[in-house]
Amino acid sequence: SNKQIIEERLDKYGFVFEPNFLFEDEFYKDDYRESYCEQAVRADNFLQSVFENDKDHQIISVTSHSGTIRALLMATKHRRFAISTGGMIPIVVKATRKDD
């Protein structure tokens with residue numbers, strides 16, 4: 001759904017968009033599905049963004065569907081883990097900056 005539809009559905013719940021939220025989903029295509037590796041790259045980019053841009057919080061919770069959970073597991077080099085429908089897995093990620 002585009003931003004307007006999401007806003008109409010979730011505004012009453014106090015949903016707030018991040019500053020760079022696009023009106024249309026730039027990743028969605030009717031005729032293309034991302035590979036697991038492409039999903040993992042996007043998950044890694046998400047983690048890098050969180051660690052780079054949110055320095056005020058020590059704990060951040062992410063709720064997602066199984067495909068994104070699988071991608072986060074791949075991005076963090078976690079062992080394979082099957083997530084059942086409605087299931088959950090806690091993942092603790094500690095970020096440390098490497099000196100170049």
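Colleague: Why are α2 and α3 called roughly perpendicular to each other?

Modeller: In this predicted model, helix α2 (residues 36-53) and helix α3 (residues 66-75) pack at an angle of about 75 degrees. Angles from 65 to 115 degrees count as roughly perpendicular, so α2 and α3 are roughly perpendicular to each other. Their axes are 8 Å apart.

Colleague: Why do you quote both an angle and a distance?

Modeller: Two packed helices are described by the angle between their axes and the distance between the axes.

Colleague: Which residues in α2 and α3 meet?

Modeller: From α2 come Tyr36, Cys37, Gln39, Ala40, Ala43, Asp44, Phe46 and Leu47. From α3 come Gly67, Arg70, Ala71, Leu72, Met74 and Ala75. By class, this contact of α2 with α3 has 10 nonpolar, 2 polar and 2 charged residues.

Colleague: What makes glutamine 39 count as buried?

Modeller: The relative accessibility of glutamine 39 is 18%. Buried means under 20%, so glutamine 39 counts as buried. Glutamine 39 is placed in helix α2. Leaving aside residues up to four places away in sequence, glutamine 39 touches Glu34, Gly67, Arg70 and Ala71.

Colleague: Which residues of α3 are buried, and what do they pack against?

Modeller: Gly67, Ile69, Ala71, Leu72 and Leu73 are buried in α3. The buried residues of α3 pack against α2.

Colleague: Why is alanine 82 called exposed?

Modeller: Alanine 82 has 74% relative accessibility. Exposed means over 50%, so alanine 82 counts as exposed. Alanine 82 is found in the segment after α3.

Colleague: Why does glutamate 7 count as partly exposed?

Modeller: Glutamate 7 has a relative accessible area of 38%. Buried is under 20% and exposed is over 50%, with partly exposed in between; glutamate 7 is therefore partly exposed. Glutamate 7 lies in helix α1 (residues 3-10). Glutamate 7 and phenylalanine 17 are 10 residues apart in sequence, and their C-alpha atoms are 8.5 Å apart in space.

Colleague: What is the phi of lysine 77, and where is lysine 77 placed?

Modeller: Phi of lysine 77 is near 60 degrees, a positive value in a residue other than glycine. Lysine 77 is placed in the segment after α3, just after the helix itself.

Colleague: Is lysine 77 buried or exposed?

Modeller: Lysine 77 has 76% relative accessibility. The cut-off for exposed is over 50%, so lysine 77 counts as exposed.

Colleague: What lines the largest pocket?

Modeller: The largest pocket is lined by 40 residues, and Phe21, Asp25, Phe27, Arg42 and Phe46 lie nearest its centre. About 1,900 Å³ of space lies in this pocket. By class, its lining has 19 nonpolar, 10 polar and 11 charged residues. α2 and α3 each supply at least two residues of the lining. The largest share, 8 residues, comes from α2.

Colleague: Which residues lie nearest the centre of the second largest pocket?

Modeller: Leu47, Phe51, Ile91, Val92 and Val93 lie nearest its centre, out of 40 lining residues. The elements that give two or more residues to this lining are α2 and α3. α2 gives the most, with 7 residues. The volume of the second largest pocket is about 1,300 Å³. Its lining residues divide into 18 nonpolar, 14 polar and 8 charged.

Colleague: How many helices and strands does the protein chain have?

Modeller: The secondary structure comes to 3 helices and 0 strands. Along the sequence, the pattern is α-α-α. The C-alpha atoms fill a box of roughly 40 × 35 × 30 Å, taken along the principal axes.

Colleague: What percentage of the protein chain counts as buried?

Modeller: Of the 100 residues of the protein chain, 14% count as buried. Among the contacts with a separation of 6 or more, residues 24 or more positions apart account for 41%.

Note on methods:
Residues numbered from 1 in each chain as written. Predicted model: local features only at pLDDT ≥ 70, side-chain atom pairs only at ≥ 80, totals over all residues. Heavy atoms only, no water. Axes fitted to C-alpha atoms, helices over the stretch in contact; angles between N-to-C directions. Helix = DSSP H or I, 4+ residues; strand = E, 2+ residues; numbered from the N terminus. Parallel < 35°, antiparallel > 145°, perpendicular 65-115°, else oblique. Contact = heavy atoms within 4.5 Å. Nonpolar A, V, L, I, M, F, W, Y, C, P; charged D, E, K, R; others polar. 1 Å grid on protein atoms, 1.4 Å probe; cavity = no way out; pocket = protein on both sides within 12 Å on 5 of 7 lines; lining within 4 Å. Points joined across faces, edges and corners; volume = space filled by probe spheres on them. Buried < 20%, exposed > 50% of the residue type's maximum accessible area, 1.4 Å probe, protein only.
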